[in-house]
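Please read the following report beside the sequence and the model.

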Amino acid sequence: MSFFKKIFSSEKKETLDKGLEKSKTTFFTKLNKAVAGKAKVDDDVLDNLEEILVASDVGVNTTLKIISRIEERVARDKYLGTSELNQILREEIAGLLSEVDSGNATEFSVPKDKKPYVIMVVGVNGVGKTTTIGKLASQFKKQGLSVVLGAADTFRAAAIDQLQIWADRVDVPMVRQDFGSDPASVAFDTLKSGVNKNADVIIIDTAGRLHNKINLMNELTKIKRVMQKVIVDAPHEVLLVLDGSTGQNAFEQAKQFTNATEVTSLAVTKLDGTAKGGVVIGISDQFKIPVKYIGVGEGIDDLQVFNKIEFVDSFFK
């Protein structure tokens, strides 16, 4: 059990437990039915487990990996009781997540050798992108870091106004231009402002349109190119925000955006309102992109740094 040692504060862990409650309850209700009357893990149990994992939006490919690992353990140990299945699943999923270089952090931080550290945030409209930016800004500020926001989603007036509300709430400066302005121009001005203010972190919001991937790709490439006129290696991070409650649709969005631009990290939101928490496991495994943050509630402190050990511990508690 030392592998699953507590590394978050009890308050954060309680929030995580509560946020994954729907996913966990649905999963274990199905799992308990699958093993009812069974003494050992056999082919029937594994077939049922496969269906349960796919239904939990872990994804087909990742599910097959997990089943294969359990089959190897069954073959090696000769006899595995169904009572052990919970612990085996915990260990195998934690092992799978360990193969991706993510989920190791326990607090909000940015590299000290990059100042200002520039994060470009991408994702379709409605996934909680602007809210995630606001919550991120709040968390960074709590760590004593100075933050500047840039409203480069200029295609929706509501997006600019929503980000302004978050900037005011968190009390951080925001750079904005008129609705319909050139997004790259906003990004340029934001980086200039951040450098002048000696900011630690700059977070740039971008438009979330997916209907024309070529336009999206061109736009994101242009924003990057213009930012590099101010800071040569910007952006240092491209954070893709995905709505965990959409399950398989989140996989599709990840595919589209990773094709359109070089995504370096992921935030999976709205896990508290869904039984599809398994999507975090599948996305982390399939795309080999670190899941950095998860949203487990509506409160300003309910965006958490993703830690794979705590996540698996809460999911299989």
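The sections below describe the arrangement of this chain.

## Basis of the description

The model is predicted, so that local features need pLDDT of at least 70 and side-chain atom pairs count only at pLDDT 80 or more, whereas totals for chains, interfaces and linings use all residues. Residues are numbered from 1 along each chain as its sequence is written, and side-chain values use heavy atoms, with hydrogens and water left out.

## Domains

The domain assignment of the protein chain gives domain 1 (3-99) and domain 2 (117-308), the bounds being taken from an automatic or database domain assignment. Their C-alpha centres lie 31 Å apart, and 22 residues of domain 1 are in contact (heavy atoms within 4.5 Å) with 26 residues of domain 2.

## The sheet

Eight strands form an open sheet with mixed pairing, in the order E3-E2-E4-E1-E5-E6-E7-E8; strands (E, at least two residues) and helices (H or I, at least four) are DSSP runs, numbered from the N terminus, and two strands pair if DSSP finds at least two bridges between them. Strand E3 (174-175) and strand E8 (303-305) are the edge strands, each pairing on one side only.

Strand E1 (residues 117-122) pairs with strand E4 (residues 201-205) in the parallel sense over five bridges, and Tyr117 has Val201 as its bridge partner in E4. Helix H8 (residues 183-196) packs on the sheet, where it touches E1, strand E2 (147-151), E3 and E4, and its direction makes about 165° with that of E2; such angles run from 0 to 180 degrees between N-to-C directions, and axes are lines fitted to C-alpha atoms, for helices over the stretch in contact.

## Helices H2 and H3

Helix H2 (residues 21-35) packs with helix H3 (residues 43-55) at an angle of about 165°, their axes being 9 Å apart, which makes H2 roughly antiparallel to H3 (angles over 145 degrees count as such). The contact involves Phe27, Lys30, Leu31, Ala34 and Val35 of H2, together with Val45, Asn48, Leu49, Ile52, Leu53 and Ala55 of H3. By class, this contact of H2 with H3 has nine nonpolar, one polar and one charged residues, where Ala, Val, Leu, Ile, Met, Phe, Trp, Tyr, Cys and Pro count as nonpolar, Asp, Glu, Lys and Arg as charged, and the others, Gly among them, as polar.

## Helices H5 and H12

The axes of helix H5 (residues 85-98) and helix H12 (residues 308-315) come within 10 Å and cross at roughly 155°; H5 and H12 are therefore roughly antiparallel to each other. Arg90, Ile93, Ala94, Leu97 and Ser98 of H5 make the contact with Lys308, Val312 and Asp313 of H12, and the residues of this contact of H5 with H12 divide into four nonpolar, one polar and three charged.

Methods: Angles under 35 degrees count as roughly parallel, over 145 as roughly antiparallel, 65 to 115 as roughly perpendicular and the rest as oblique.
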